[in-house]
Amino acid sequence: MFDFLISILTSPLAITIYKGVAAILVIFPIAGVCSMAERKVAAWVQDRPGPNRAIVPWVAWIPFLGRFLQRLGVFHVMADGGKMLFKEDSTPGHVNKFYFIAAPLLAMIPALTTVSVVPFGTYFDEAGKAIPLILANLDVGLLAVFAISSLGVYSLILAGWASNSKYPFLGSVRASAQLISYELSMTISVLPVFLWINAPGTTGTLGLARVVEFQSGIWHGLSSASWGGVWFGFLMPISAFIFLVCLFAETNRQPFDTIESEADLVGSFHTEYGAFKWGLFFVAEYSHMIVGSGIFMLLFFGGWNPLPWLPLGSVVGWMHQITGWAFTIHPLFVGILSIAIFLGKVLAMIFFFMAIRWTVPRFRYDQVMRIGWRVLLPLSIANLLVYAIAIAFIQK
Amino acid sequence: MAVIPLERKPLTLAERTYLPQILQGLKTTMQHLVAPAVTLEYPEQRPEIPTGYRGVPTLVKDPNGREKCVSCQLCEFVCPPKAIRITPGEISVDSPNAHVEKAPKEFDIDMLRCIYCGMCQEVCPEEAIWLQSNYSMTGLSREEMVNNKARLYELGGTLPDNHHKWDKKKAAEEHGNAH
């Protein structure tokens, strides 16, 4: 009986479920903390202190740290979340109830599903082979991310339509147009990366872990062998730039947030939403941002490798040589180190999102369309052609 | 005609990509990110009130502790939102201030009506009503927001002037040269 229980609890399926729950349990709080960080960074950029009042009484008893945490606004995450949970969750009378309630749930599903194909760390087995930490190491990798994350727009369309009022409807029309136009350039902009890593004669893959593996080379002197250590962001800056701009558009961030521009559309698709349902849209948006930043870092900025030509493997090797401690090559330590480096990069990226928000004013809707179709799309196609020809010559 | 025709130069390629401008903007953003806050954390930190500030209207006493208001009701008449309500009264003959003859029996200022215009202060011939530096009036009911006479004197305190107009008048009368 006991053995049977253990065999169930340690079956591959159960382990996958643990990993999935763990990933969601990490993404959710990060999304919450990001919303807080957003308020705090916004305040700092605008030369004000920002939220700094909420505190839990027993933390206030800690002499120095408690005060510091209070000033940092850490407890406002709980205050905000609590408010969102407990306020009245009204459903207006004029909406289509079923789709109105379904929309925020549908927003969450693609946002959290994409996490499953995004590697977030690595460790080395006895043979020294790098095993990526990933929920599902699929060969379709990035394709799955694009396919699923673009489903997110359905929830916006559904929300706008079910709300049965004009601003949400206009917002959802804008959302569908914007997401479709930017998805094209986004997909084309990453093709050079995959042309490069899928050299003739190798097994093809669109997996993101493979992309990071390609950016884990070391310095071999001034020879072609050193290419492996350069991050794709430096090899293909235009691809990275187009991907970045499209990422801003796909995640509805400023300056591409015409979809929910308060000035002309009130709040767009979430005008009629409040409380927890609105909170779900909010968390979904941040999850998109986190996953998007993660993919950007994996594709163009070396994933969990600390610096170009300085892959994680070398760092761990040096640490072991210098200190001589056995635990530095333990898979658990390496895994946690890689996750920490990767998360640090993702959070830096999210900070960049916030800095851009307070720098660039929102584009008009027609400008968004013009940038998407008349600038980014031709640019990404030209970029693809140039790199396709160059890669063909290098890898022939 | 001082019209200077300006030639509008076409944007350069770098300008049309927006990128140098965005980088410049990011630099400004980062400078503000580390700049100290320019705001006050209000209940703990209070702003410094400049002299001549028009805060909550109050009634003041002279240095001898005599209430300066003689209930002439000019402020009541001039008050644009009709926030002031005065019930005039007489000063009893056995009071040391009997020569002033009149003082308000009731003096109410409805702070829900007051617009802080300062006309009452300007019109007062006795310099008895002053808009002072108190800018924060709060209350939980409408009644609480009406300042009565006692409250107005409590808020106003004493004005350290040395006119002593009524005392001089009384002294002149006693010397037989009432004008």
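Visitor: Which residue forms a salt bridge with A:R357, and how far apart are the closest N and O atoms?

Guide: Side chains of opposite charge can pair when their charged atoms come close. In this predicted model, A:R357 forms a salt bridge with A:E38, with the closest N and O atoms 3.0 Å apart, where a salt bridge means a side-chain nitrogen of Lys or Arg within 4 Å of a carboxyl oxygen of Asp or Glu. The pair links distant parts of the chain, since A:R357 lies in helix 16 of chain A and A:E38 in helix 2 of chain A, 319 residues apart; helices are DSSP runs of H or I with at least four residues, numbered from the N terminus. Over all chains, the structure holds 15 salt bridges.

Visitor: What should I keep in mind about numbering and confidence?

Guide: Residues are numbered from 1 along each chain as its sequence is written, and chains are lettered from A in the order in which they are written. Because the model is predicted, local features need pLDDT of at least 70 and side-chain atom pairs count only at pLDDT 80 or more, while totals for chains, interfaces and linings use all residues, and side-chain values use heavy atoms, with hydrogens and water left out.

Visitor: How many residues line the largest pocket, and which lie nearest its centre?

Guide: A pocket is an open set of points on a 1 Å grid over the protein atoms alone, where a 1.4 Å probe fits, with protein on both sides within 12 Å along at least five of seven lines, and its lining residues have an atom within 4 Å of a point. Here the largest pocket is lined by 38 residues, with A:S35, A:M84, A:W278, A:F282 and A:Y286 nearest its centre. Helix 2 (12–45), helix 5 (76–86) and helix 14 (275–300) of chain A each give two or more residues to this lining, and helix 14 of chain A supplies the largest share, 10 residues.

Visitor: Which residues lie nearest the centre of the second largest pocket?

Guide: Of the 26 residues that line the second largest pocket, A:F241, A:V245, B:T17, B:Y18 and B:L19 lie nearest its centre. Helix 17 of chain A gives the most to this lining, with seven residues. By class, the lining has 21 nonpolar, two polar and three charged residues, where Ala, Val, Leu, Ile, Met, Phe, Trp, Tyr, Cys and Pro count as nonpolar, Asp, Glu, Lys and Arg as charged, and the others, Gly among them, as polar.
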